[in-house]
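Hi there,

Here is the structure I promised to pass on.

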Amino acid sequence: MGEQPIFTTRAHVFQIDPTTKKNWVPASKQAVTVSYFYDSTRNSYRIISVDGSKVIINSTITPNMTFTKTSQKFGQWADSRANTVFGLGFGSEQQLAKFAEKFQEVKDAAKLARDKSQEKMETSSNHSQESGRVTPSNPSTPQASSINGTDDEKISHVGPEAALLMSENDRLKTAVEQSNTNAKKWETELQTLQESNARLEDALTESSANVESWKKQLSVCKEESDALRDKISELEAQCKEVSLEQERNAQLTAKVQELEAELQDKEQELQNLRKQAEIIPQLMAECESITDKLRTAETKNVELDGRIGGLQADADENRQKQGDMQGELKKFMDILDGKIDELHEFRQGLSKLGVGN
């Protein structure tokens, strides 16, 4: 089956400074894809991350490794084979928790695979030891060695040169058997590589056929992005107009408050004039004049009240328009972010395809 991804996330990748062994050195300029891979042929697990065409993480998980959470969104583990310490910065605590949980699962699976391998080796060793033991002979039964002589007796009869040749012959037989075993293993690996090569060729053919489609989708996404940018610019201009209307409404509100204060002053002045009119008849004419002014002011007050009501209605309508515009702007921003993520995933797919080739 080859190596297959079993879990994928995104994070900022760091490596420990090889000089100081204390400071973190960023391995990627932005958040990249970090994946767990399982190799069914070798029964092993790896953490792999690629930034463009550069492999920044290639760490094989062993039972002795430990993933440590050093903060709410940061974790690390040491790889003795790579002679470094890897660090990952996540966008949320949930992503860190999922990655740590998957690390523990993979670590337990690697430990289980190692234990099974050791049991098989011990079982095969026990079998070989039992098969190599000499069966005790019955004293009453004559053995072949007693008839034809033991091996030591034969060696003593044929001489030291023949004994050396027999020892060399045994060694050559062992080497031939080992080479046959290795040849079968190499044939199996060669067949696996041929199958993998065939799958890669099929994938390359399929990807070549889909390149034009991807190019068309990319051009469509670019056109949609341009249209969204134009729409965003238009909405920003409308938002500026709404802000100007709000400023005008604030100015009108302040003016209305000033007029109301002036009206109160006029009412107080009217009361004072009425008191003076009771005392001094000569002030009646002036009182009538002030009354006319008051009526005019009241008329203006009514007009201002009407204008205030209209301005308040306009302000409410502008607030409603602003809310609708902000919602539409957010919707377009979400669509734009989705398109950007799709373009990023498409770029990552092309990068992985380039690495695989």
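First, the ground rules. This is a predicted model, in which local features need pLDDT of at least 70 and side-chain atom pairs count only at pLDDT 80 or more, while totals for chains, interfaces and linings use all residues. Residues are numbered from 1 along each chain as its sequence is written, and side-chain values use heavy atoms, with hydrogens and water left out.

**Confidence**

The chain averages a pLDDT of 78 (the predictor's confidence in each residue, from 0 to 100), and 71% of the residues score at least 70. Over residues 132-158 the pLDDT is below 50, and beyond near neighbours in sequence this stretch has 7 contacts in the model (contact means heavy atoms within 4.5 Å). Where pLDDT is low, the predicted coordinates should not be read in detail.

**Cores**

Helices (H or I, at least four residues) and strands (E, at least two) are DSSP runs, numbered from the N terminus. The largest nonpolar core has 22 residues. By nonpolar core I mean a set of buried Ala, Val, Leu, Ile, Met, Phe, Trp, Tyr and Cys residues joined through side-chain atoms within 4.5 Å; buried is under 20% relative accessible area, exposed over 50%, and partly exposed in between (1.4 Å probe, protein chains only). Strand E1 (3-16), E3, E4, strand E5 (54-60), E8 and helix H1 (93-132) each supply at least two residues of this core, and H1 gives the most, with 6 residues. A second, separate core of 5 residues includes Ile 232, Leu 235, Phe 332 and Leu 336.

Leu 88 is among the residues with the most contacts inside the largest core.

Ser 35 is found in strand E3 (residues 32-39) and counts as buried because its relative accessibility is 3%. The side chain of Ser 35 makes a polar contact with that of Thr 8 at 3.1 Å. A polar contact is a pair of N or O atoms within 3.5 Å; within protein, one must be able to donate a hydrogen and the other to accept it, and residues adjacent in sequence count only if both atoms are side-chain atoms.

E4 and E5 pair in the antiparallel sense over 6 bridges (two strands pair if DSSP finds at least two bridges between them). Arg 46 stands opposite Thr 60 in E5, and Gly 52 takes a positive phi near 70° in the hairpin of E4 and E5, which has 2 residues between the strands.

Most residues other than glycine have a negative phi. Asn 43, in the loop between E3 and strand E4 (44-51), has a positive phi of about 55°. Asn 83 also has a positive phi, near 55°, and is found in the loop between strand E7 (74-79) and strand E8 (84-89). Asn 43 is partly exposed at 36% relative accessibility, whereas Asn 83 is exposed at 59%.

**Salt bridges**

The structure holds 8 salt bridges (a side-chain nitrogen of Lys or Arg within 4 Å of a carboxyl oxygen of Asp or Glu). One of them joins Arg 248 and Glu 245, with the closest N and O atoms 3.0 Å apart; both residues lie in helix H4 (residues 160-279), 3 residues apart, about one turn of the helix. In helix H5 (residues 284-356), Asp 316 and Arg 319 are also 3 residues apart, and their salt bridge has its closest N and O atoms at 2.8 Å.

Best wishes
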